[in-house]
Amino acid sequence: TRSMAHRGFAASAAASSLSRQFIEVDGRRLHVVTSGDIAGKNTPVICLPGAMGTAETDFQLQFEGLAHEHGVVSFDPRGYGKSRPPSRTYPVDFYHLDASDAAAIMDALGCKSCYVMGWSDGAISATILAAKRPDLVQKLVVFGIQGFITKEDVDAYEGLRDVEKAWSKRMLETHRAIYGDDVQPMWSSFCDVMKQIYENGGDFCQKEAKTVKCPTLILHGEKDPLVPVSHPQWFHEHIAGSKLHIFPGG
């Protein structure tokens, strides 16, 4: 899966400065992590994790690096991390559900406006959130974003379906530490929904992206092994006024 490369770099001092709570959204208890002053004079930032990621595995550096100027919020999406039980299943509209959950969390925290940052799957949900809640989202940052899925992508996911055979030892150990024996059924469900979305036309968030009006920064690694540079370039072309930065060799 596309988990953050800096996973596991958490410093104990930074971890101790985090606040953790559960917020109920549509009958689900979501684990929410914050750092810095959410109610401060500067606009808070909410960060949306990638596939099978959590607030603290995917955004430790953001908690550390942004909190001196902005309140930082992230959460374990439903069925991920500490937002269990139950473990994640993937309905076709799960990106939209994650976007709605993020908005509900910020509403519950009393935030009238925010900046949104999304990584990988979270970038898709962040784009949907910016499109659906222009009253809430003032700026958007996405990295590792994919706009649609192709037959080649579906085949690639099928090749990664068996976590024991296809995943690296490090990746498997990282996710087993969080999900235990649920890793395989969760990942199989993810592979299943990718095929289903492809069969439904393949659009993750292109329709919504075309309606985004807020200032948008698109980040991408030149050598991303799963998402070609053509995806962030598409978003740059279709989100008016957006800025694109490709990290050479990244």
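Colleague: How many helices and strands make up the secondary structure of the protein chain?

Modeller: The protein chain has 11 helices and 8 strands, taken as DSSP runs (H or I, at least four residues, for helices; E, at least two, for strands) numbered from the N terminus. This is a predicted model, in which local features need pLDDT of at least 70 and side-chain atom pairs count only at pLDDT 80 or more, while totals for chains, interfaces and linings use all residues. Residues are numbered from 1 along each chain as its sequence is written, and side-chain values use heavy atoms, without hydrogens and water.

Colleague: What makes the radius of gyration of the protein chain agree with that of a compact globule?

Modeller: The rule is 2.2 Å times the number of residues to the power 0.38, taken over C-alpha atoms. For 250 residues a compact globule would have a value near 18 Å, and the protein chain has 17 Å, which therefore agrees.

Colleague: Why does Trp 119 count as buried?

Modeller: Buried means under 20% relative accessible area, exposed over 50% and partly exposed in between (1.4 Å probe, protein chains only). Trp 119 has 12% relative accessibility, so Trp 119 counts as buried. Phe 143, at 13%, is buried as well.

Colleague: Why is the aromatic pair of Trp 119 and Phe 143 called tilted?

Modeller: Rings of Phe, Tyr and Trp (its six-membered ring) pair if their centres lie within 6.5 Å; planes under 30 degrees apart are stacked, over 60 edge-to-face and the rest tilted. Trp 119 and Phe 143 lie 5.3 Å centre to centre with 40 degrees between the planes, hence tilted. Trp 119 is in strand β5 and Phe 143 in strand β6, so the pair ties together parts 24 residues apart in sequence.
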